[in-house]
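Let's take a walk through this one together, starting with its charged side chains and ending at a pocket. Keep the viewer open as you read.

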Amino acid sequence: MSKKKKDWKTEKERREKLTLEERRKEYRRSDVVQLNDISAWSRGSESKEQKSVLSKISLYKGDITVLEVDAIVNAGTLLSGLLVYFAAL
């Protein structure tokens, strides 16, 4: 984040213009875990529709503050949503 105090909209616009490499230079930590380093969740016996959904879900055990991701969903929310989805199939 730049040293000048800015409102969040200005800062959001500035960050949206940055390339991935430029954003990474602004990280405060060097031990960042990228999403492609975390394998997708799979049980092996899913239907085609289930595999499509599960390929977008990863389970991670560790410090979530080092993840380079757009969103983190807590397990309770995730599980209830999956149960509703699979019950509908």
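A residue counts as buried when its relative accessible area is under 20%, and as exposed when that figure is over 50%, with partly exposed in between. Keep in mind, too, that this is a predicted model. Now find Glu11: its relative accessible area is 8%, so it is buried.

Glu11 sits in helix α1, which runs over residues 8–17. Glu11 and Arg14 are 3 residues apart in helix α1, so about one helical turn separates them.

Glu26 makes a salt bridge with Arg14, and here the closest N and O atoms are 2.8 Å apart. This pair ties together distant parts of the chain, since Arg14 is in helix α1 while Glu26 is in the loop between α2 and β1, 12 residues away. Glu26 has a relative accessibility of 28%, so it counts as partly exposed.

Next, hop over to helix α2. Arg24 and Glu21 both belong to this helix, 3 residues apart, or about one turn. Salt bridges with shared partners connect Glu11, Arg14, Arg15 and Glu26 in one network. As for Arg24 and Glu21, their side chains meet in a salt bridge of 3.3 Å, N to O. With relative accessible areas of 25% for Arg24 and 48% for Glu21, each of them is partly exposed. Across the whole structure, a search turns up 8 salt bridges.

Now for strand β1, residues 33–34, where you'll find Val33. Leaving aside residues up to four places away in sequence, Val33 touches Ile38, Tyr60, Val66, Leu67 and Glu68. Thr65 is 32 residues from Val33 along the chain, yet their C-alpha atoms are separated by 9.3 Å.

Which residues lie nearest its centre? They are Tyr27, Val32, Leu67, Glu68 and Val69, out of a lining of 15 residues. The pocket holds about 350 Å³ of space. Helix α2 (20–25) and strand β2 (67–68) each contribute at least two residues to its lining. By type, the lining splits into 7 nonpolar, 1 polar and 7 charged residues.

Methods
Residues numbered from 1 in each chain as written. Predicted model: local features only at pLDDT ≥ 70, side-chain atom pairs only at ≥ 80, totals over all residues. Heavy atoms only, no water. Helix = DSSP H or I, 4+ residues; strand = E, 2+ residues; numbered from the N terminus. 1 Å grid on protein atoms, 1.4 Å probe; cavity = no way out; pocket = protein on both sides within 12 Å on 5 of 7 lines; lining within 4 Å. Points joined across faces, edges and corners; volume = space filled by probe spheres on them. Nonpolar A, V, L, I, M, F, W, Y, C, P; charged D, E, K, R; others polar. Contact = heavy atoms within 4.5 Å. Salt bridge = Lys/Arg side-chain N within 4 Å of Asp/Glu carboxyl O. Buried < 20%, exposed > 50% of the residue type's maximum accessible area, 1.4 Å probe, protein only.
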